[in-house]
Amino acid sequence: MLESGTRICPFCGEPATLAASPVVEGLPELVLLNELAPVPATREETLAELHRLESYFGELDTKYATLADLWLKSACWQAPSKTRWAVGGFLLALLLYLLVGIHLPAMAAWIFVVLWGVIAYFGFTRSYAHYEAGRSENEHAIRELENEIRRHYNKARDCFLPLDYTVPSVLSELIAGLDSGMIASFEDYRINN
């Protein structure tokens, strides 16, 4: 996270902006967000604007849900384990050796070791390639969906809400809080959350 007004990254010395995103090979660049409009002056104006924005951002309800699912999938994605492939390769090689190798002469025990190495190496290599392809595809899907949401956000007229507040559940919570009087103003809600 860079502080507002930062022009040069303190870590790498490159020119930086707040909206800059890490460049990952093959991913489209993240769409920059427009400046926020000023917050309406009164509570009634704020509620009217929030109701207008709720219907506008409600169109993206399924996209927000899909994005949350993709983030969860990304968080749970794990690289294949060399240890598991070594143990699994050992067990599979042992089974094959017991089925076939038992009929071979006693000096052919080295076949077991070769078989174990081949199964473990090719199994791990193939599963790691599958992992990388799936992870890359998931990151690309996340970026495409984020950009679609950001383009829709940029088209919102007089939007004073930060992007995180446009999720329909958060927007509904904000409206309910302002309607009931639990939240005095939009600024109070931003400070408390």
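## The model and its confidence

Residues are numbered from 1 along each chain as its sequence is written, and side-chain values use heavy atoms, with hydrogens and water left out. Because the model is predicted, local features need a pLDDT of at least 70 and side-chain atom pairs count only at pLDDT 80 or more, whereas totals for chains, interfaces and linings use all residues.

The pLDDT is the predictor's confidence in each residue, from 0 to 100; its mean over the protein is 81, and 82% of the residues reach 70 or more. Among the elements of the protein, helix α4 has the highest mean pLDDT (91), while helix α6 (residues 186-192) has the lowest (64). Over residues 18-23 the pLDDT falls below 50, and this stretch has seven contacts in the model beyond near neighbours in sequence, where a contact means heavy atoms within 4.5 Å. Where pLDDT is low, the predicted coordinates should not be read in detail.

The helices named here are DSSP runs (H or I, at least four residues), numbered from the N terminus.

## Salt bridges

A salt bridge is a side-chain nitrogen of Lys or Arg within 4 Å of a carboxyl oxygen of Asp or Glu, and by this rule the count comes to six. One of them joins Glu 148 to Lys 63, with the closest N and O atoms 2.9 Å apart. Glu 148 lies in helix α4 and Lys 63 in helix α2 (residues 61-76), so this pair ties together parts that are 85 residues apart in sequence. Residues are called buried under 20% relative accessible area, exposed over 50% and partly exposed in between (1.4 Å probe, protein chains only); on this scale Glu 148 is partly exposed at 34%, and Lys 63 is partly exposed at 25%.

Within helix α4, Arg 135 and Glu 132 stand three residues apart, about one turn of the helix, and their side chains meet in a salt bridge at 2.8 Å, N to O.

## A buried asparagine

Asn 147 belongs to helix α4 (residues 110-154) and counts as buried, with a relative accessibility of 4%. Its side chain reaches the backbone nitrogen of Val 31 at 2.8 Å. Leaving out residues up to four places away in sequence, Asn 147 touches Pro 28, Glu 29, Leu 30 and Val 31.

## A nonpolar surface patch

On the surface, Val 87, Phe 90, Leu 91, Leu 94, Leu 98, Ile 102 and Trp 116 form a nonpolar patch with about 610 Å² of accessible area together. Patches are made of residues with over 30% relative accessible area and no salt bridge, with like charges joined within 9 Å and nonpolar side chains (Val, Leu, Ile, Met, Phe, Trp, Tyr) within 5 Å; the accessible areas come from the Shrake-Rupley method with a 1.4 Å probe, and for residues only the protein chains shown count as cover.

Helix α3 (residues 82-100) gives the largest share of this patch, five residues. Leu 98 is found in helix α3, and Leu 98 is partly exposed, with a relative accessible area of 47%.

Definitions and conventions
Helix = DSSP H or I, 4+ residues; strand = E, 2+ residues; numbered from the N terminus. Polar contact = N/O pair within 3.5 Å; in protein donor to acceptor, adjacent residues only side chain to side chain.
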